[in-house]
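Thanks for coming, everyone. I'll walk you through one structure today, so please have the sequence and the view open.

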Amino acid sequence: MTFEPAPTKILYIDDDPNNRALVNRLLTSYDFTVLEAETGLDGIQLARAEKPHLILMDINMPGLDGHETTTRMRSIPALEKIPIVAVTARTTKGERQLAIAAGCDGFITKPIDIDRFPEQVLSYLDGQRDTLTMQEHQHYLNQYSRKLVDRLETKIIELQEVNGQLQKVDKLKTDFITLAAHELRTPITLVYGYTRLLQSTMRNLGASSAESGVGELADRIFESVHRLNEVVNDILNIALIESDEMHLVRQSVDLAEVVEAALRELDLGKTNRNLNISLEALDGLPHIQADPRRLQQVFWNLLSNAIKFTPDGGYIVVKGWLVDTPHPGITIAVRDTGIGINAADHDGIFEQFYIVGDTAYHSTSKTAFRGGGMGLGLPIARGIVAAHGGRIWVESEKHNPKTNPGTTFYVYLPQTDDAD
Ligand code: ADP
């Protein structure tokens with residue numbers, strides 16, 4: 001039985017595809033296996049995965065340059081012994097020494113001398129190592145660290161500038177959203193009022209109006225405007241939370257009443273969802289100092305989600321208990337037997353406008369199965385809970401609309417000193 005010797009692997013890191021193609025062709029014809037990377041970071045990853053016998057390193061690259069990539073590789077135990085040869089067009093005095101001070105073992109100049117190149121590569125594979133005297137080493141190491149600090153400074157300035165621009169754009173977005181929501185609110189309030197008026201006028205007209213069907217139309221308009229109003233309020237609330245301007249009106253609050261009010265507001269009686277909703281151990285809980293209107297919104301959002309993401313016939317349980325950590329307070333859990341949420345989405349769902357899955361299937365409803373919203377319910381809930389000094393988090397094994405693994409949202413609210 002004969003064994004094929006393992007091929008000699010050479011990793012070539014260069015941002016120029018033409019250079020890579022040339023080196024690849026040359027070395028492949030000498031039976032080397034050539035791996036290519038376009039950036040220093042990709043090169044490090046590939047070297048870690050493939051453990052090449054030799055690395056050829058371009059020096060002038062965007063991002064991490066060849067010197068920095070080499071220095072980084074030298075600090076990774078799996079890569080520290082692999083010979084690295086700089087391949088560069090930089091031929092000014094001291095370039096060779098600089099590359100070696102950065103951790104390279106050799107230096108080949110570009111343009112590559114096609115006749116000599118395979119031989120040069122072989123000699124490095126056979127153990128050739130270029131070295132510096134102690135004095136040279138110290139001198140070029142100093143020069144290299146000054147270069148690194150210069151680069152670091154330039155990068156920090158660049159990042160600060162970009163960060164400033166991002167903040168400006170973010171503020172523009174928030175200002176626009178707030179302004180648009182405010183502008184929408186005025187006409188909505190008017191339509192809301194007139195629809196109410198129309199409804200009561202139709203009711204006063206009695207039987208004749210029922211026959212005409214106009215009353216029912218007015219009811220429909222009212223429902224739509226009501227929903228539009230909720231959407232605009234959500235946007236305004238997010239803007240308040242983002243600018244830290246959510247002011248709480250604290251009073252002594254019975255959480256059982258808050259949860260019951262949220263459920264009443266959802267008005268499940270009108271739907272045919274056949275869900276089993278129960279409240280457990282909420283009655284015995286002590287009152288806390290909190291803003292009941294805001295908390296009602298938190299539980300409205302959590303219950304509305306539990307209802308939307310639990311198939312007909314499922315169970316939703318709201319349960320509460322006292323906790324001692326991190327401070328004495330109450331934790332309320334909203335548990336459902338619904339479609340669940342993948343672990344990868346557990347943080348994202350608390351971010352604004354985050355929608356899990358495909359928005360193509362988006363349908364707006366607060367109670368229909370898998371009805372969607374704007375992805376603002378949980379960020380608002382988190383903002384309100386945070387304003388109370390509390391925490392909200394989710395537990396769910398995974399997302400699976402076939403097996404319905406279920407989801408539990410937890411809300412922890414601390415008991416403030418002046419709570420009764
Ligand atoms: P929306 O207002 O669009 O429902 P939310 O911020 O309330 O937005 O929720 C964001 C996303 O988190 C939802 O679109 C849904 O994919 C997921 N989600 C929230 N609650 C549940 C739940 N109880 N079960 C499964 N998925 C949920």
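**The cores**

Start at Leu 255. Leaving out residues up to four places away in sequence, Leu 255 touches Ile 288, Leu 295, Phe 299, Ile 330, Ile 332 and Leu 413. Keep in mind that this is a predicted model.

Now zoom out. The largest nonpolar core has 50 residues. Which of them touch the most other members? They are Leu 255, Leu 295, Phe 299 and Leu 302. Helix 10, residues 292–308, gives the most to this core, with 8 residues. There is also a second, separate core. That one has 19 residues, among them Leu 79, Ile 82, Ala 99 and Cys 104. As a general point, nonpolar side chains in soluble globular proteins tend to be buried together.

**Helix 11**

Next, helix 11, residues 377–387. Its buried residues are Leu 378, Pro 379, Ile 380, Ala 381, Gly 383, Ile 384 and Val 385.

**The ligand**

Leu 378 takes us to the ligand. There are 19 residues around the ligand. Which come nearest? Asn 305, Lys 308, Asp 336, Gly 375 and Leu 378.

Asn 305 places a polar side-chain atom 2.8 Å from a ligand oxygen atom. Leu 378 uses its backbone: an N or O atom there lies 2.8 Å from an oxygen atom of the ligand. Thr 407 uses its side chain, where an N or O atom is 3.5 Å from a ligand nitrogen atom.

**The aromatics**

On to the rings. The structure has 4 aromatic pairs. I'll take Trp 321 with Tyr 410. Their ring centres are 6.4 Å apart, and the planes sit at 75°, so this pair is edge-to-face. The cut-off for edge-to-face is over 60 degrees.

Where do the two partners sit? Trp 321 is in strand 9, residues 315–323, and Tyr 410 is in strand 12, residues 407–414. The pair therefore ties together parts that are 89 residues apart in sequence.

Buried or exposed? Tyr 410 has 10% relative accessibility, so Tyr 410 counts as buried. Trp 321 has 32%, so Trp 321 counts as partly exposed. The charged end of Arg 391 sits over the Trp 393 ring, 4.1 Å from the ring centre.

**Asp 14**

Now to Asp 14. Find it in the loop between strand 1, residues 9–13, and helix 1. Is Asp 14 buried or exposed? Its relative accessible area is 1%, so Asp 14 is buried. Its side chain makes a polar contact with the side chain of Lys 110, at 3.1 Å. What else is Asp 14 in contact with? Setting aside neighbours within four places in sequence, the list is Asn 19, Arg 20, Ala 37, Glu 38, Asp 58, Met 61 and Lys 110.

**Backbone details**

Stay with Lys 110. A cis peptide bond joins Lys 110 to Pro 111, with omega about -5°. Pro 111 lies in the loop between strand 5, residues 106–109, and helix 5, residues 117–125.

Another cis bond runs from Thr 325 to Pro 326, with omega near -5°. Pro 326 is in the loop between strand 9 and strand 10, residues 329–336.

Then two positive phi values outside glycine. Asp 31 has a phi of about 70°. Asp 31 sits in the loop between helix 1, residues 17–28, and strand 2, residues 33–37. At 66% relative accessibility, Asp 31 counts as exposed. Asn 274 has a phi near 50°. Its loop runs between helix 9, residues 255–266, and strand 7, residues 276–280. Asn 274 is exposed as well, with a relative accessible area of 57%.

**To take away**

Look at Leu 255 in the largest nonpolar core. Look at Leu 378, which is buried in helix 11 and among the residues that come nearest to the ligand. And look at Asp 14, with its polar contact to Lys 110.

How values were computed: Residues numbered from 1 in each chain as written. Predicted model: local features only at pLDDT ≥ 70, side-chain atom pairs only at ≥ 80, totals over all residues. Heavy atoms only, no water. Core = buried A, V, L, I, M, F, W, Y, C linked by side-chain atoms within 4.5 Å. Buried < 20%, exposed > 50% of the residue type's maximum accessible area, 1.4 Å probe, protein only. Helix = DSSP H or I, 4+ residues; strand = E, 2+ residues; numbered from the N terminus. Contact = heavy atoms within 4.5 Å. Phe/Tyr/Trp six-rings, centres within 6.5 Å; stacked < 30°, edge-to-face > 60°. Lys NZ or Arg CZ within 6 Å of the ring centre and 35° of its normal. Near = heavy atom within 4 Å. Polar contact = N/O pair within 3.5 Å; in protein donor to acceptor, adjacent residues only side chain to side chain.
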